[in-house]
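Welcome, and please get your viewer ready. We will go from one selection to the next.

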Amino acid sequence: MADDPLIPEPSEGPDSVEVPGSAPIPEPVEGRSGFVTFVGRPNVGKSTLTNALVGEKVAITSDKPQTTRRAIRGILNRPAGQLVIVDTPGLHKPRTLLGQRLNDLVEQVLGDVDVIGFCVPATEKVGPGDRRIAESLSGYGRAKKVAIVTKTDAATREQITERLMEVDSLREDWAAVIPISSLTDDQLDVLTDELLALMPVGPALYPDDVVTDESLEDRVAEIIREAALEGVRDELPHSIAVTIEDIEERDTGTLTDVYANIVVERDSQKAIIIGRKGSRLRDVGARAREQIEPLIGTKVFLKLHVRVAKEWQRDPKQLGRLGF
């Protein structure tokens, strides 16, 4: 029945058949997925950017240097694919064993990701530290590089223009140079689209309802450390660590007990954390509970104990016990 009008004549085109009365069958759209990390000097807004992209707080933030101490993964899902954002400590000149291990962690992450986002705040001129980090990215040949000018909400138009020009001149292989504000969400959609376009084609790496692979204990510990960092001065921020002893929901299902240790290096630091008649420690607990309760889903009884681990930042055994 070669002359049957319902049977199309053979063609030399693509192997596709168009059935009369129906739309062409579309080609499957392949999504993209992969890993991106943001690098830069301490306190350039990397953790704030991670939280803004994920749409939920997965990394603590503070104006204290070296707030981030682990590789924290935040997951961003879009119709075009999935970004796994790895938040890392800021690169710095280490003065302790902890500092060296944090730098080593960043080096490891940089060697594994698909895209590296180099962050510079719009409010500060590019300096020697920025140049050193930008130059060091040549050691990670497999990763594509994107330059990100952060904190544009706090800068003038002239500052933003100047910073874009400075950053653009640092390397010749930027895939893009993008100004953003994590606080006002300005240009975050542009950054997301650019990062996804640079990712390899592949399936999602995490379920679409997951925002981080951090454990509950780790997230609670970080929330407590963030609360403890507020208002402290000098070297104390570097000396604070938090461990979780237990998280247990009571039989009623309406209250959860959280037992945690705030670890410092000296007795004088312990006195600062506790405060006069325990006033500062109570404030830390109140601030932490505000964020822990929505995370756990019940009211929380938070018991904080402050203990001293002498020079733990320099002691390999102590670092191991604290998870570094």
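This is a predicted model: local features need pLDDT of at least 70, side-chain atom pairs count only at pLDDT 80 or more; totals for chains, interfaces and linings use all residues.

Now select strand E3, residues 81-87. Strands (E, at least two residues) are DSSP runs numbered from the N terminus. Seven of the seven residues in E3 are buried, meaning under 20% relative accessible area with a 1.4 Å probe, protein chains only. One side carries Gly 81, Leu 83, Ile 85 and Asp 87, the other Gln 82, Val 84 and Val 86.

Strands pair if DSSP finds at least two bridges between them. E1 (residues 32-39) runs parallel to E3 over six bridges. E2 (residues 72-78) pairs with E3 in the antiparallel sense over seven bridges, and Ile 72 stands opposite Asp 87. Two residues separate E2 and E3 in their hairpin.

Finally, look for the two aromatic pairs. Rings of Phe, Tyr and Trp (its six-membered ring) pair if their centres lie within 6.5 Å; planes under 30 degrees apart count as stacked, over 60 as edge-to-face and the rest as tilted. Phe 118 and Trp 174 are stacked, with centres 5.7 Å apart and planes at 15 degrees. Phe 118 sits in E4 and Trp 174 in E6, 56 residues apart. Then select Tyr 259 and Phe 301, an edge-to-face pair with centres 6.5 Å apart and planes at 70 degrees.

How values were computed. Residues are numbered from 1 along each chain as its sequence is written. Side-chain values use heavy atoms; hydrogens and water are left out. Buried means under 20% relative accessible area, exposed over 50%, partly exposed in between (1.4 Å probe, protein chains only). Helices (H or I, at least four residues) and strands (E, at least two) are DSSP runs, numbered from the N terminus.
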